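I opened this entry to look up the pocket, the core and the overall build of the model, in that order.

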Amino acid sequence: MKSRVLVVGDVMTDIIVRPEGPIVVGSDRRAEIRNRPGGSGANQAVWLGATGADVLFAARVGAADKAMYETYFRDRGVTPALAADPDLPSGVLVTLLEPNGERSFLTDRGANLRLAATDLPDTLLDGVGIVVISGYSFFAAGPREAVQSLLRAARRLGIAIAIDPASTGFLDEVGPQIFREWVGKADWIFANESEAEMLSGLADFEAQMRALGTQFRHVVIKRGQFGAALGGQGGIAYSHPAPLVKVVDTTGAGDAFAAHFIAALLRGESPEACLQRGVEGGVKAVQSVGGQPQ
């Protein structure tokens, strides 16, 4: 397998809000508020860059931010392929952090909603061994058509495809079966437990693995504090536990997992080792605030 990774997904500015206690409706609550670059695709790309992988990241941002983001990604070992939107600003995501590290999101996808086929030419696939697509790219018509065109080209060229479903909220809105039809056949899926249950329509973990394996050759289910498992149509092949650590923020943990898994895969490591590297990446992510390496 060629060693370059092409990641396609959202670029967001994450505004992270950690209140001191419950929200007081109609009044004030002290909170720690920080902002930093984020977005599922951007997170995966930056985590891949941190592993030393050769990573190309394609996305759409507000024109005013393009130069800033290009510098940001290059400084983190990522080759940017960013399109500039002349009208819409870059996306913004507000993250509300609970004391246990769980989070809720308020999302304005901004320029990400205008990702177009011209932003994803087939030439992006030159030297690429695996294409990683954030599920957010399927939830609006324009970006969906753009990534579907890119995926058709990847299939013609025999390039591996990995899908990260990204959002149970949006999956529920469009319907799991429709999402699966939009995605089509792929080599890999990186789903968390909630996404695996929603996409398969099954509560049993082993059954989820088998059901998703009918569409995805390799199924990885991220299980949070219980680690992760790898399998396919034949069921669970490997599993790896997660160590107990203090959880500060779960934002980007799944992105870090996928990045470390894929980096190990491209290095030729065994399936068990890839799973272990993924868990290690996710554990590293939950111990600091934000979805990218500190």
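I began with the lining of the largest pocket, whose residues divide into 18 nonpolar, 20 polar and eleven charged; I counted Ala, Val, Leu, Ile, Met, Phe, Trp, Tyr, Cys and Pro as nonpolar, Asp, Glu, Lys and Arg as charged, and the others, Gly among them, as polar. The model is predicted, and local features need pLDDT of at least 70, side-chain atom pairs count only at pLDDT 80 or more, and totals for chains, interfaces and linings use all residues. I number residues from 1 along each chain as its sequence is written, and side-chain values use heavy atoms, with hydrogens and water left out.

I then noted that the largest share of this lining, five residues, comes from α9 (helices are DSSP runs of H or I with at least four residues, strands runs of E with at least two, numbered from the N terminus).

Next I looked up the largest nonpolar core, where L48, F57, F73, I130, W188, F190 and F261 touch the most other members out of 45 residues. Such a core is a set of buried Ala, Val, Leu, Ile, Met, Phe, Trp, Tyr and Cys residues joined through side-chain atoms within 4.5 Å, buried being under 20% relative accessible area with a 1.4 Å probe and protein chains only. The largest share of this core, eleven residues, comes from α8.

For F261 I set aside neighbours within four places in sequence and found contacts (heavy atoms within 4.5 Å) with W188, F190, V220, L230, C274, L275 and G278.

Last, I recorded nine helices and 13 strands in the protein, and buried residues as 53% of its 294 residues.

Methods. Buried means under 20% relative accessible area, exposed over 50%, partly exposed in between (1.4 Å probe, protein chains only).
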